[in-house]
Amino acid sequence: MKKKLPKLLFNSVCLLVYTFLLAPIVVVLLSSLTTTEYIVFPPKGLTLRWYTELVDHPEFMQSFTLSILVAFGTAFIATAIGTLASLAVVRREFRGKTAIVQLVGSPLLIPSVVFGVALLQFYSWIGLAASPLALVLGHIILTVPFVMRLVVASLVGFDRSIEQAAMNLGAGSWKVFFQITLPIIKSGVIAGAIFAFITSFDDLTVALFIVSTDVVTLPVRIYTYMQYQYDPIITSVSSIMILFTVALMLVIERVLGVGKVFSSKN
Amino acid sequence: MQVGIGTENDLLLKQKKKNLKRKRIDTWLLLLPTLAIFIFFFLLPLFFLFITSFKTFDPSSGIGNEWTLQNYIKFMSDPFYLGVVWRTVKIALITTLITIFISYPVAFQISKSRGRARNYFTLLVLSPLLISMVIRCYGWVILLSNNGVVNNTLLSLGWIDEPLTLLYTELSVVIGMVHVLFPYMVLSIMGSLEKIDPSVIRASQNLGASSFRTFFSIMLPLTLPGVFAGSVMVFSLSVSSFVTPAILGGPQVKVMSYLTYEQVAVMLNWPYGGAIGFLLILIASITIIAYSKILARSEKGVAIQ
């Protein structure tokens with residue numbers, strides 16, 4: 001009895017925290033089903049009207065496609081160059097290593113808003129207009145630190161005698177990399193790519209400075225829309241985005257089983 | 001015979017030198033793409049913005065030709081701007097404290113659970129990280145607005161007579177920040193909870209200490225490094241965050257990142273926006289350095305105990 005009360009108290013505190021964590025997400029999902037012209041929670045009635053009304057707002061679909069494109073481009077390039085750089089950092093000794101490691105890690109310390117301003121000024125000077133490329137370049141800077149952290153971690157306990165064995169058996173360095181090294185560090189590389197994708201897909205701060213009227217990513221579109229309107233369209237767009245993320249995670253989990261990576265990483 | 005071995009050695013040496021040289025070129029080839037992008041699209045832009053922050057403001061083009069320190073002096077001598085600095089730091093401090101208090105029980109619970117339950121709880125804690133920050137903040141707008149869920153509940157319970165102003169206040173910004181930054185703290189505390197040797201806990205219990213005593217004199221001190229590390233992360237992310245204060249605070253609750261955005265995007269005053277941005281970087285770095293000094297000291301302290 002004496003022991004049960006604190007335990008009950010402890011569990012209810014945890015439950016409260018979990019409720020707090022999920023509340024805003026649940027609220028967005030449920031209020032997208034309302035029949036009213038305004039956002040209300042709990043929703044009044046049930047309808048999918050706000051999803052069908054998205055047909056009249058093709059700009060959201062355009063932004064969604066652009067965001068996916070940019071996120072894929074970012075994830076691909078950031079993972080590729082980040083993995084190469086990680087190989088150099090972990091396996092080679094060279095002058096200026098510390099400086100380079102610090103440089104590549106520093107975007108985590110620089111507020112994105114300052115980086116966004118700096119990038120906008122630089123782009124306008126070199127005449128690079130708002131484009132998927134301009135967005136990808138900015139997002140690469142934001143995501144390479146994550147990629148390198150994860151890949152370096154998977155490279156550090158790597159048993160190099162396996163590579164040596166492959167080389168002694170006559171495999172070239174490319175073959176060794178793609179058939180031995182890459183499969184072994186796979187989980188780190190994939191986790192890095194997922195982080196890069198999500199970070200790019202989610203970025204508002206840097207994109208806000210780079211976008212133009214034609215090139216608008218989804219977070220920026222949602223942000224600017226809700227400055228002026230407060231109708232349930234936003235909740236249906238957001239719900240689609242949430243469901244998309246959840247579906248993506250499920251697919252990744254099923255196909256690659258990297259759920260393990262995320263839960264064991266901590 | 002002798003000569004033969006000599007040339008063989010020479011050959012080997014040459015081969016080794018050649019390999020070394022090739023390796024060095026390889027190293028830089030591996031680094032080249034990352035370095036090139038970082039120099040051109042990170043260092044150079046920040047460097048140019050730094051230079052801009054020492055220029056005068058020109059209403060027609062944004063950036064004037066004269067050099068000046070006025071941007072920095074103006075910011076640091078105006079009570080309004082100093083108030084914004086104070087608000088930024090205050091919000092970050094409160095966010096960090098609340099995050100510690102609500103993360104600790106959750107980290108504790110997860111590190112105690114095993115198997116499948118553990119995976120589910122971890123996923124639950126990390127899931128907010130996967131969902132767009134804009135959407136999460138938007139959820140809080142729905143919850144906290146004048147006719148939002150919180151106000152409606154309180155009204156229907158009869159606890160209040162008219163809706164409270166919750167949205168676009170420091171409170172709403174803090175709530176949003178805690179929600180966004182919570183997972184980082186949980187992960188950090190879990191890391192140090194896991195490092196605790198279970199035999200230490202058992203020893204304490206065997207010696208007759210109550211669970212409370214065990215927690216406060218064994219667990220808590222041993223997890224302080226994790227709490228500190230999490231705090232640095234949460235504090236610095238909170239000081240520099242833009243999305244949460246922009247959506248949940250807006251122009252009513254100006255913090256430094258919002259001020260930077262406003263000066264550049266609305267006032268088109270690039271030099272001043274740049275100066276505020278670099279002061280923000282300065283504040284964030286100072287706290288990180290100060291914290292890591294404390295962290296280093298506290299780790300020593302724990303080791304001695």
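Helix α1 of chain A (residues 4-31) packs against helix α3 of chain B (residues 79-112) at an angle of about 110 degrees, their axes lying 9 Å apart. Because angles of 65 to 115 degrees count as roughly perpendicular, α1(A) is roughly perpendicular to α3(B). The model described here is predicted. The crossing of α1(A) past α3(B) is left-handed. On the chain A side, the contact is made by Phe10(A), Val13(A), Cys14(A) and Val17(A); on the chain B side, α3(B) supplies Ile102(B), Pro105(B), Val106(B) and Gln109(B).

By class, ten of the residues in the contact of α1(A) with α5(B) are nonpolar, two are polar and one is charged.

| Helix pair | Angle | Axis separation |
|---|---|---|
| α1(A) and α3(B) | about 110 degrees | 9 Å |

The interface as a whole brings 60 residues of chain A into contact with 60 residues of chain B. Helix α1(A) gives the most to the side of chain A that touches chain B, contributing 13 residues. That side of chain A comprises 48 nonpolar, ten polar and two charged residues.

Chain B itself contains twelve helices and two strands, arranged along the sequence as α-β-β-α-α-α-α-α-α-α-α-α-α-α. Its radius of gyration is 27 Å, well over the 19 Å given by the globule rule for 305 residues, so chain B is more spread out than a compact globule. Along the principal axes, the C-alpha atoms of chain B fill a box of roughly 105 × 75 × 35 Å.

The strands of chain B are β1(B), residues 55-58, and β2(B), residues 62-67, which run antiparallel and are joined by three bridges. Together β1(B) and β2(B) form a hairpin, with three residues between them. Within this pairing, Phe57(B) has Ile63(B) of β2(B) as its bridge partner.

Definitions and conventions. Residues are numbered from 1 along each chain as its sequence is written. Chains are lettered from A and ligands numbered from 1 in the order in which they are written. This is a predicted model: local features need pLDDT of at least 70, side-chain atom pairs count only at pLDDT 80 or more; totals for chains, interfaces and linings use all residues. Two residues are in contact if their C-beta atoms, placed from the backbone, lie within 7 Å. Helices (H or I, at least four residues) and strands (E, at least two) are DSSP runs, numbered from the N terminus. Ala, Val, Leu, Ile, Met, Phe, Trp, Tyr, Cys and Pro count as nonpolar, Asp, Glu, Lys and Arg as charged, and the others, Gly among them, as polar. Two strands pair if DSSP finds at least two bridges between them. Axes are lines fitted to C-alpha atoms, for helices over the stretch in contact, and angles run from 0 to 180 degrees between N-to-C directions. Angles under 35 degrees count as roughly parallel, over 145 as roughly antiparallel, 65 to 115 as roughly perpendicular and the rest as oblique. A crossing is left-handed if the near helix is turned anticlockwise from the far one by less than a right angle, and right-handed if clockwise. The radius of gyration is taken over C-alpha atoms; the globule rule is 2.2 Å times the number of residues to the power 0.38.
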